Every structure is written in C-alpha cells, then in structure tokens.
Amino acid sequence: MDGDLLLRDVAVRVLDLLVRDGATLAVAESLTGGLVAAELTSVPGASRVLRGGVTAYATDVKRDVLGVDGTLLAERGAVDPEVARQMAVGIRAVLAAGWGIATTGVAGPDPQDGQPVGTVYMAVSGPHGAEKVAALRLNGDREEIRRESVRSVLELLSGELTGNGRTQDTERNGGT
C-alpha cells in the first residue's frame, strides 16, 4: 500500500475513534513541524475533534508555551522521552483537550543534543492518567523520518484509544 494512503488511513481511524468517544485532541510537534496537524486536517470533519496544535520547534517554546521543565531541557536537551511526555501533557492543558500527542526528535541532517539522526520520541497523554511514551530509531532521509514519525504517533494514539496500546518497535526504516 502506498505510504500516503496508509498515513491517511491511520489519520481517518484516529479521528473516527475520537468522534466515537466524544473526545478532543491537541497536537504538540517539534521535528514533524506541523505535519501531524496537517495530516489530521486533510481529513474532512477533523474540526469535530481537533482543537489545534503548537509547532514548538524552539526549546523556549517547549518551556514557555507547553510548560516543559526548563531544568530538564537544560540538562537533557529537547530530544528526550520525558520532554515528549511533558509536551503531550502540556498541549492538553493549553488547548483544553481530552487527548494530547507530541513528537520530538532528530530528522537531520545533523545530530542534535547528542542524539543521532533518526532518534524520535513521541508521547500520548489522555484522560484518567493515560500516558504512553515511545522511542523510535528511524532510518532514511529527513522527509522519510518525519513522515514515519507522523504515522507512528498516530498509531500510538490509535492504540491508546482502542485499549490496544502496543510496545512500539525501536527500529524502523523510514518510509516503509
């Protein structure tokens, strides 16, 4: 199946699950730079559940807008699983959504915060203390890493919404 169609199918599934549950979603993105929100809003009717998103590319935006702990950012950098978790929690609060998802990582071309290209952390935060953080080690070029990150965070959310959250693979080839 074509990668774009597969991504579209995941976005449609997530939106259908949110509508079914009467839930809302907010998105915090770093390495994906708005691609998660763009994929979701490409589906007609997304406005029924999508509250909005923040592209928190800069570290100070993660801290000042999303409420990520400044000491954590100073000590570990922005490419960190706890940063992803705090981004997801923060976007839920900022946009008053039932669910929040977040992506942070290194799409390339250069390493960042001591992390190699292809290192991605994503998180889901939901009602009743539901939280999940996953790490990916992706191969491929910048575009492939970003697209696979979008698909993966939507799959992570889908698993939480269906109660079938699964452990994410730690190695994936981008674009496949």
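**The α1 and α6 pair**

In this predicted model, helix α1 (residues 3–21) and helix α6 (residues 142–162) have axes that come within 9 Å and cross at roughly 30°. Angles under 35 degrees count as roughly parallel, and α1 and α6 are therefore roughly parallel to each other. The crossing in which α1 passes α6 is left-handed.

On the α1 side, the residues in contact are Asp4, Leu6, Leu7, Val10, Ala11, Arg13, Val14, Leu17, Leu18, Arg20 and Asp21. They meet Arg147, Val150, Arg151, Leu154, Glu155, Leu157, Ser158, Leu161 and Thr162 of α6. Sorted by class, this contact has 11 nonpolar, seven charged and two polar residues.

The second largest pocket has a volume of about 180 Å³. Its lining is made up of 16 residues, and those nearest the centre are Ser30, Leu31, Tyr57, Gly105 and Gln112. Two elements, α3 (59–64) and β3 (99–105), each give two or more residues to this lining. By class, seven of the lining residues are nonpolar, six polar and three charged.

Two backbone details remain. Most residues other than glycine have a negative phi, and most peptide bonds are trans. Ala96, which is not a glycine, has a positive phi of about 50°; Ala96 is in the loop between α5 (81–95) and β3. Gly108 and Pro109 are joined by a cis peptide bond, with omega about 20°. Pro109 belongs to the loop between β3 and β4 (119–125).

Technical notes
Residues are numbered from 1 along each chain as its sequence is written. This is a predicted model: local features need pLDDT of at least 70, side-chain atom pairs count only at pLDDT 80 or more; totals for chains, interfaces and linings use all residues. Side-chain values use heavy atoms; hydrogens and water are left out. On a 1 Å grid over the protein atoms alone, a cavity is a set of points where a 1.4 Å probe fits but cannot get out, and a pocket is an open set with protein on both sides within 12 Å along at least five of seven lines; lining residues have an atom within 4 Å of a point. Grid points are joined across faces, edges and corners, and a volume is the space filled by probe spheres set on the points. Helices (H or I, at least four residues) and strands (E, at least two) are DSSP runs, numbered from the N terminus. Ala, Val, Leu, Ile, Met, Phe, Trp, Tyr, Cys and Pro count as nonpolar, Asp, Glu, Lys and Arg as charged, and the others, Gly among them, as polar. Axes are lines fitted to C-alpha atoms, for helices over the stretch in contact, and angles run from 0 to 180 degrees between N-to-C directions. Angles under 35 degrees count as roughly parallel, over 145 as roughly antiparallel, 65 to 115 as roughly perpendicular and the rest as oblique. A crossing is left-handed if the near helix is turned anticlockwise from the far one by less than a right angle, and right-handed if clockwise. Contact means heavy atoms within 4.5 Å.
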